[in-house]
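Please look over the sequence and the 3D structure below.

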Amino acid sequence: MRIGKNLQVIKKIFVWTIGTGVVAVIAGWLVLAAPMFSDFRRTVVQDFLSRQIGQTLLIKTDVKVVVALRSHFTVSDVAIPSETIDGLNLAELTLLEFDLDLISMISGSDTVLDNIRIDGLGVEMRTLSDGLKSWNQSHPSTAQANNEVPAGVHEQNGIIAFLGDKTVDVTSVKLNVENEETGFEFRFVLDAARIEQIPNGGGATLFSRGSVNDQPMEVAGDFPSGAPFTTS
């Protein structure tokens, strides 16, 4: 009789555990995919991306998710406000897609987001007559703040550091570089740009093609890990 009762208890615990797991999976799926959680999902994703790039990122519409261990996210109407010039967006993205390794994110792994695709990217690199720039160069990276960067090495910060170990495809790019101090103005229109990872954590390479002030151009760049980037 005692053995039978023990088996019944074990059976109940097993059924309860399975049932709790199923409920947790369903709840997680609803949060990631159901329309009723749209605002919550948008807030969580924009906060996560803001931490990744080191400055505020805003999502104006919903976030769509294909749920898996490596989930695919689709985000529309993204803005990165300038931290220095009020009312100006440093960057705007019509469409942003990426893969996110949920297990790595939960476990605290550094590289959890990859295969980034951007369409309709607009960037405003503006210098006002008083020298104020639309981008902020004063924020130290986490490694610099913790004195982990060797002397003489200038580590890339913010968005550049974020993109350095990821594969990125960008289509339809407009980059405006305007300097009110010098009067220089450059209008870059790029058909496509691609950032590829260098194996073994060596950084990344960049290639893009398009025009600057209506003149054809191509740009190639190297973003080595832990060293200044170069372009040609």
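The protein has five helices and 10 strands. Both are DSSP runs, numbered from the N terminus: helices are H or I with at least four residues, and strands are E with at least two. This is a predicted model, in which local features need pLDDT of at least 70, side-chain atom pairs count only at pLDDT 80 or more, and totals for chains, interfaces and linings use all residues. Residues are numbered from 1 along each chain as its sequence is written, and side-chain values use heavy atoms, without hydrogens and water.

Of the 232 residues in the protein, 31% are buried. Buried means under 20% relative accessible area, exposed means over 50%, and partly exposed lies in between (1.4 Å probe, protein chains only). The protein exposes about 14,300 Å². Carbon and sulfur atoms supply 59% of that area. Among contacts with a separation of 6 or more, 46% join residues 24 or more positions apart. Contact here means heavy atoms within 4.5 Å.

Now the two serines. Ser71 sits in strand 3, residues 70-81. Ser82 is in the loop between strand 3 and strand 4 (89-101).

| Residue | Relative accessible area | Backbone oxygen reached by side chain |
|---|---|---|
| Ser71 | 0%, buried | Ala68, 2.6 Å |
| Ser82 | 10%, buried | Ser134, 2.7 Å |

Which residues touch them? Leaving aside neighbours within four places in sequence, Ser71 is in contact with Val65, Val66, Phe98, Asp99, Leu100 and Leu102. With residues up to four places away not counted, Ser82 touches Leu88, Asn89, Leu90 and Ser134.

Next, the rings. A pair of aromatic rings is described by the distance of the centres and the angle of the planes. Rings of Phe, Tyr and Trp (its six-membered ring) pair if their centres lie within 6.5 Å; planes under 30 degrees apart count as stacked, over 60 as edge-to-face and the rest as tilted. The count comes to three aromatic pairs. Phe73 and Phe98 are stacked, because their ring centres are 5.1 Å apart and their planes lie at 5 degrees. This pair links distant parts of the chain: Phe73 is in strand 3 and Phe98 in strand 4, 25 residues apart. Phe73 and Phe98 are buried.

Phe184 and Phe186 have ring centres 6.2 Å apart and planes at 15 degrees, so they are stacked too. Is Phe184 buried or exposed? Phe184 is exposed, at 53% relative accessibility. Phe186 is partly exposed, at 35%. Phe184, Phe186 and Phe188 form one aromatic cluster.

Notes. A polar contact is a pair of N or O atoms within 3.5 Å; within protein, one must be able to donate a hydrogen and the other to accept it, and residues adjacent in sequence count only if both atoms are side-chain atoms. Accessible areas come from the Shrake-Rupley method with a 1.4 Å probe; for residues, only the protein chains shown count as cover.
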